[in-house]
Amino acid sequence: MSTVPVTRDDRTGDPAGVLARGTDLHLNHYGAARLPFACVGGRGLELDVVDLSPEHRGRRLRLLDASGGYASATLGGAHPVVRAALARGTGVGNVTDELGSLERAELLDRLFGPGGLWTGHFPTGRYHVSGRNSGSEGNELALRLVLESRFDGRRLRHRPGKERRDTILAFQGAWHGWTGGLVQLLNRRHYRAGLPATDTAGPYGVRVEHIPFGDPDALAEYFAASAGRLLAVVVEPIQGDAGILLPPPGYLRNLARRCAADGVLLVADEVLTFAKTGSWFAMRDADGPVPTDITVIGKYLGMGAVSTSMVIAREDLAVRSSGAVTTSDLRPLNCAVIRDGIEHIEAEGLLRRSADVGVDLAELLRTALVDRHPDVFTEVRGTGVMLGVELTAAAADRIGALRRALIEAGVYAEFMAGAGKRSGGRRYVHPTLRIVLPLIADGAQATEIVERVAAGARSLW
């Protein structure tokens, strides 16, 4: 890492003052003191950063971004395809979903029409699609579709046979978003205490239950006891905030089969996993795609330029008239960015290439971090370009200092909360360093990131 001078663009003067004031005006979502750094530019995997700390105010650093832009910068920063798509998208109209749009039509036909790119997962004629601003909003729509599936909007009563379907199953350690409807899907007290609970009383009450993720016996036991009341299961194919936890082989397909057999809707939250595992979707195994009733994708969908999500649902799942209208439903600008980005990823073979980079990166994380720094790191998990390195208990107590040390070593990275204490004697999962690389990352950049993380760890231990 070095404090390489950053070439300025058309702005002049020292930005440290306005950066400091503006940072203070921005709501702090994290509780602890902010990192005293601000980004003023970047390209590819590089971030141009200004130090706002009193002792080094105005210092410039050039960091490698191991976070993938909070797991959303699909092609890194300032990619020419994305920049061109944004420019093109400003001239394709501003209609909402009330009118058709050529950009929207071309995108959906390319993905879901006859011979479409994603018809292996979502056969043509069996699914329809809606867009939202974010992954959380996408999951909210998925939840709404689940609830509407048991309600007859014309007769204002339960659909026949759905009267007892009042339970949604989620998983310990899950993360699906911060919105009021979604926090009930999270089993961790920190996220739920002090907020209104789901109404379980009355004819349309809903309760949420949780079981351990990736445990086939717990899954079988739950379905045997409660399938008659189960309305839906909501699952991340790889748990993100819990520490990049993968289920055992066959688990997701087993889950899908049980849901289909018992008339239970299966909702896949692929907001985080989309396009990061060497395939477009993580709901798959050695036998191919795992079928779902609803799939939500986001983050990498917006190519790091627009915040967007997509809800892909069975055609018979819908909401009451005007019940899901939104300004952000696949606006033409978003569709232009998504379509051009996806076409570029396909043309350049970036999914396959990123998977190869990920294999080497995972091994390097094991040898350079876990093996050489066992006082800091314990285990590497993940697949493709979405990897996690779990911290030791001692290192978990010093995450703030570790993040500063990594920045000083020239790398920006994020830490997931970890699953914490789990039921059934399963081991505690500590906070986890998340490494998410843009699909453009090469082996040399991956190696440099690991070397900088190791240097940061050495500076503290």
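This is a predicted model: local features need pLDDT of at least 70, side-chain atom pairs count only at pLDDT 80 or more; totals for chains, interfaces and linings use all residues.
The largest nonpolar core comprises 69 residues. Within this core, the residues with the most contacts are Trp118, Phe274, Trp280, Met310, Leu365, Phe377 and Leu433. Helix H10, spanning residues 350–370, is the element that gives the most to the core, with nine residues. A further core, of 22 residues, lies apart from the largest one; its members include Val146, Leu182, Ala232 and Val234.

The surroundings of Leu433 can be followed residue by residue. When residues up to four places away in sequence are not counted, Leu433 touches Phe377, Leu387, Gly388, Val389, Leu406, Ala413, Glu414, Phe415 and Val453. One of these neighbours, Phe377, is itself listed among the residues with the most contacts inside the largest core. The contacts of Leu433 also take in Gly388 and Glu414.

Attention now turns to the charged side chains. The model contains 29 salt bridges. In one of them, the side chains of Arg320 and Glu148 meet with an N to O distance of 2.9 Å. This pair links distant parts of the chain, its partners being 172 residues apart. Arg320 lies in the loop between strand E14 (309–314) and helix H9 (332–348), whereas Glu148 belongs to helix H5, residues 135–148. Where do the two partners stand in terms of accessibility, buried or partly exposed? Arg320 has a relative accessible area of 42% and is partly exposed. Glu148, in contrast, is buried, because its relative accessible area of 6% falls under the 20% limit.

Arg381 and Glu379 meet through their side chains at 2.5 Å, N to O. Arg381 counts as buried, because its relative accessibility is 11% and the limit is 20%. The salt bridge between Arg207 and Glu209 has its closest N and O atoms 3.3 Å apart. Here Arg207 is partly exposed, with 24% relative accessibility, and Glu209 is partly exposed as well, with a relative accessible area of 23%.

Methods
Residues are numbered from 1 along each chain as its sequence is written. Side-chain values use heavy atoms; hydrogens and water are left out. A nonpolar core is a set of buried Ala, Val, Leu, Ile, Met, Phe, Trp, Tyr and Cys residues joined through side-chain atoms within 4.5 Å. Buried means under 20% relative accessible area, exposed over 50%, partly exposed in between (1.4 Å probe, protein chains only). Helices (H or I, at least four residues) and strands (E, at least two) are DSSP runs, numbered from the N terminus. Contact means heavy atoms within 4.5 Å. A salt bridge is a side-chain nitrogen of Lys or Arg within 4 Å of a carboxyl oxygen of Asp or Glu.
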